[in-house]
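Morning, everyone. Please put the model up on the screen, and I will walk you through it.

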There are 2 protein chains.
Amino acid sequence: MSSSIITSDEIPAAVPEHNHLLAVLPPEVKARLFPHLKLVKFTLGQSLYESGDQMQFVYFPADSIVSLLYVMENGSSAEISIVGNEGLLGIALFMGGESTPNRAVVQSAGNAYQLPALILKAEFSRHSELHGLLLRYTQSLMTQMAQTAVCNRHHTIEQQLCRWLLLSLDRLPTDHLTMTQELIANMLGVRREGVTESASKLQRQGVIRYQRGHITVLDRPNLERLSCECYKVVKIESDRLLHYIPAIKRQCDNSLIIL
Amino acid sequence: MSSSIITSDEIPAAVPEHNHLLAVLPPEVKARLFPHLKLVKFTLGQSLYESGDQMQFVYFPADSIVSLLYVMENGSSAEISIVGNEGLLGIALFMGGESTPNRAVVQSAGNAYQLPALILKAEFSRHSELHGLLLRYTQSLMTQMAQTAVCNRHHTIEQQLCRWLLLSLDRLPTDHLTMTQELIANMLGVRREGVTESASKLQRQGVIRYQRGHITVLDRPNLERLSCECYKVVKIESDRLLHYIPAIKRQCDNSLIIL
DNA sequence: CCTACAATGTGCGGCAACGCACATATATAT
DNA sequence: ATATATATGTGCGTTGCCGCACATTGTAGG
């Protein structure tokens, strides 16, 4: 694909519908919201907001992934949840809290749609289709948080790495992620060496392949098998909450048909 | 207080206002909701709902405490969050999901107010004061879940025990809780022996006193000192989200003034 | 090409928590 | 009072992960 033809790689998120939440809105809501959307780029490691920040915008990731982290007093951190094209950043705005004691850090560079907080709040309180959708998304995020807590308590680094890879993969267009083991360790809240060991074990089994900041998933079925149940629980629950859009339309798989 | 006069112990939850959410509702909302409330008793270990259950009622604890647990495929469990008189059970009903993949188990026996799901949903979608209040409560619950995840990753059993005791204490009228170390271990997702060791250490330091299913907190300041930062984060955030009731009234401490 | 830096590999000792076994203590009922 | 069940105490060896130190291997920039 080295021709001059525009590939999906070059315009990976050219329409808001790359974000699943934006995609399933009814036409009249789209008509009100979409004019206020602005396509922005997220770079790896960028912070969208810090603990306690009053947010001015919400963001709907298109092909980027953002991690919600809690940063401890001693500086170490742990990932609370992952947000990609299935969701949005800035839940606190419509939940009424305006801020959270967390940090949002870009885990995978890419694009997102920015929307002024006021526009979202206005639409939310109109009680349109968006209202229920955002609440159901929030509930799915709670499931992810709950499962992260369980996973941290009971599962090995290897199981957690598998879960993390799967969650990330679900939010990316390819089987490839740009990510160092050091960064993964920060997310999982474990030692870098622990990630190295688990990753090399996975590589020896032919499940993944990696070199210096790049990971490719080769055998997803086996990755799912090696993961703990946490991934499946989160997946099934978010599918249930978000793919069943009553009285509007149903989506049976993760992909979106655009055009 | 051994006279025949009715003590607060005998009617510990005689009015709905013992629940903080119900207490701060404006009069007209109370007028609509309260006639549908039914006082019910929760017994220790009772399950309010199982994973995936479609709930018929929401519950507003008065002097009882309920734990939200995730039960793993192998049967072991981990506590996701604690709900007492500051909150309600059945968030999924107004969030739109109708169910969650969790289990709600009574951790401390007592009373609660039961409300039919339909009544709550109707009031919620009227967009009354209740709407914002429930969303802010939900956000505070998310903070608790997030912090549980962090705590499970980074903190010792002793720190977690302190956090757990403090969270429970905040939801109880006295400094005394009826709870075996075995049950605490189930909540924290650790060995019973681990709880025994930490508890006896706390007792030796004079922070708590316990005997066979009963724990009394003697030195709360020290308990807070020995706890990890997670307790404080959750406390500050839920105070921020729930004690500031804009345009209605402000509450400056945890207690309620009734009569 | 070579240097410098960043990413990954590996080998320690140490420790918190685990699973298991069993001893002891304290409530409750007959 | 005695028996029984439940709750708590204690001592193993084992394990998964930690912190640290350092070797190796890629990748980018001069």
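A word on ground rules. This is a predicted model, where local features need pLDDT of at least 70, side-chain atom pairs count only at pLDDT 80 or more, and totals for chains, interfaces and linings use all residues. Residues are numbered from 1 along each chain as its sequence is written, while chains are lettered from A and ligands numbered from 1 in the order in which they are written.

Start with the pair of chains. Two copies of a chain are related by a rotation about an axis and a shift along it. What rotation superposes chain A on chain B? It is 180 degrees, with 0.0 Å of shift along the axis and an RMSD of 0.0 Å. That is therefore the relation of a two-fold axis. The superposition is by least squares on the C-alpha atoms of residues with pLDDT of at least 70 in both copies. Look for Ala149(A). Its C-alpha comes closest to the rotation axis of the residues of chain A, at 1.8 Å.

Now the interface. Here 35 residues of chain A are in contact with 35 residues of chain B. Contact means that the C-beta atoms of two residues, placed from the backbone, lie within 7 Å. Which element of chain A gives the most to this side? It is α5(A), with 16 residues. The elements that each supply at least two residues are β5 (77–83), α3 (91–95), α5 (129–154) and α10 (229–243) of chain A. These names come from DSSP runs numbered from the N terminus: helices are H or I with at least four residues, strands are E with at least two. By class, this side of chain A has 15 nonpolar, 15 polar and five charged residues. Nonpolar covers Ala, Val, Leu, Ile, Met, Phe, Trp, Tyr, Cys and Pro; charged covers Asp, Glu, Lys and Arg; the others, Gly among them, are polar.

Two or more residues each come from α8 (192–204) of chain A, and from α7 (181–188) and α8 (192–204) of chain B. The largest share, five residues, is from α8(B). The classes here are four nonpolar, eight polar and seven charged.

Next, strand C. Again 19 residues lie around DNA strand C, with Thr180(A), Gln181(A), Thr156(B), Arg191(B) and Gly194(B) nearest. The surface near DNA strand C has four nonpolar, eight polar and seven charged residues.

Last, helix packing. Axes are lines fitted to C-alpha atoms, for helices over the stretch in contact, and angles run from 0 to 180 degrees between N-to-C directions. Under 35 degrees counts as roughly parallel, over 145 as roughly antiparallel, 65 to 115 as roughly perpendicular, and the rest as oblique.

Stay with α8(A). It packs against α6 (residues 157–169) of chain A at about 75 degrees, with the axes 9 Å apart. So α6(A) and α8(A) are roughly perpendicular. Ile157(A), Glu158(A) and Leu161(A) are the α6(A) residues in this contact.

The other partner is α7(A). Its axis comes within 8 Å of that of α8(A), and the two cross at roughly 110 degrees. That pair is therefore roughly perpendicular as well. Contact residues in α7(A) are Gln181(A), Glu182(A), Ile184(A) and Ala185(A).

Finally, chain B. How do α5 (residues 129–154) and α10 (residues 229–242) of chain B pack? Their angle is about 170 degrees, with axes 9 Å apart. So α5(B) is roughly antiparallel to α10(B). Among the residues making the contact are Tyr137(B) and Val150(B) of α5(B), and Val233(B) and Leu241(B) of α10(B). The classes are eight nonpolar, six polar and two charged.

Notes
A residue is near a molecule or strand if its C-beta atom, placed from the backbone, lies within 6 Å of it.
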